[in-house]
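Here is a short briefing to read alongside the model. Have a look at the structure first, then follow the notes by topic.

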Amino acid sequence: MSLNFPNPVRSFDAGRSCVSFWGSDASLEIAFQIEVDALRRLGAEPGEAQMLATFDSHRDAILSAAAAAYGRHKGSYHRLTVADIGGKA
């Protein structure tokens with residue numbers, strides 16, 4: 001089975017400067033975080049609501065980056081950075 005994202009839940013974590021979200025591969029839950037700097041690259045303004053809105057509006061690109069990161073290393077946790085997002089804006 002491959003990675004999918006059946007759970008639309010995401011949450012802002014100011015202490016870790018990221019938005020967390022989850023995927024699954026068969027029965028395994030995979031935790032992902034995308035750094036605030038990567039969201040800023042996508043146009044996010046400061047603040048929880050703005051970070052979550054940017055995540056939502058770029059969800060497909062973020063999930064593609066998450067799937068690529070998981071494809072490189074099938075670990076249970078991945079933190080996406082600006083480098084993972086690239087020029088996607």
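## The nonpolar core

The largest nonpolar core has 22 residues, and Phe-21, Ile-34, Leu-39, Ile-62 and Leu-80 have the most contacts inside it. A nonpolar core here is a set of buried Ala, Val, Leu, Ile, Met, Phe, Trp, Tyr and Cys residues joined through side-chain atoms within 4.5 Å. Two or more residues each come from β3 (18–25), β4 (28–35), α1 (36–41), α2 and α3. Helix α3 gives the largest share of this core, six residues.

Before the details, a word on conventions. This is a predicted model, in which local features need pLDDT of at least 70 and side-chain atom pairs count only at pLDDT 80 or more, while totals for chains, interfaces and linings use all residues. Residues are numbered from 1 along each chain as its sequence is written, and side-chain values use heavy atoms, with hydrogens and water left out.

- Leu-80 touches Phe-21, Gln-33, Ile-34, Glu-35, Ile-62, Ala-65, Ala-66 and Ala-69, not counting residues up to four places away in sequence; contact means heavy atoms within 4.5 Å.
- Phe-21 counts as buried, at 1% relative accessibility. Buried means under 20% relative accessible area, exposed over 50%, and partly exposed in between (1.4 Å probe, protein chains only).

**Helix α3**

- Helices (H or I, at least four residues) and strands (E, at least two) are DSSP runs, numbered from the N terminus.
- Which residues of α3 are buried? They are Arg-59, Ile-62, Leu-63, Ala-65, Ala-66, Ala-69 and Tyr-70.
- Seen down the axis of α3, these buried residues fall within an arc of 160 degrees, so they line one face of the helix. The arc is that of the directions from the helix axis to the C-beta atoms.
- An α-helix has 3.6 residues a turn, so residues three or four places apart point the same way.
- Asp-60, Gly-71 and Arg-72 are exposed on the other side of α3.

**Aromatic cluster**

- By the ring rule, the count comes to four aromatic pairs. Rings of Phe, Tyr and Trp (its six-membered ring) pair if their centres lie within 6.5 Å; planes under 30 degrees apart count as stacked, over 60 as edge-to-face and the rest as tilted.
- Phe-5 and Phe-21 form a tilted pair, 6.2 Å centre to centre with 40 degrees between the planes. Phe-5 lies in the loop between β1 (3–4) and β2 (10–13) and Phe-21 in strand β3, so the pair ties together parts that are 16 residues apart in sequence.
- The rings of Phe-5 and Phe-32 are also paired: their centres are 5.7 Å apart and their planes at 50 degrees, so this pair is tilted. It links Phe-5 in the loop between β1 and β2 with Phe-32 in strand β4, 27 residues apart.
- Phe-32 counts as buried, at 1% relative accessibility.
- Ring pairs link Phe-5, Phe-21, Phe-32 and Phe-55 into a cluster.

**Salt bridges**

- How many salt bridges does a search of the whole structure find? The search finds five, a salt bridge being a side-chain nitrogen of Lys or Arg within 4 Å of a carboxyl oxygen of Asp or Glu.
- Arg-10 forms a salt bridge with Asp-56, and the closest N and O atoms are 2.7 Å apart. Arg-10 lies in strand β2 and Asp-56 in helix α2, so the pair ties together parts that are 46 residues apart in sequence.
- Arg-10 is partly exposed at 24% relative accessibility, and Asp-56 is partly exposed at 37%.
- Asp-84 and Arg-72 meet through their side chains in a salt bridge (3.1 Å, N to O). The pair links Asp-84 in helix α4 (residues 82–85) with Arg-72 in helix α3, twelve residues apart.
- Arg-72 is exposed, with a relative accessible area of 58%.

- Thr-54 lies in helix α2 (residues 48–57) and counts as buried at 8% relative accessibility.
- Val-36 is in helix α1 and counts as buried at 8% relative accessibility.
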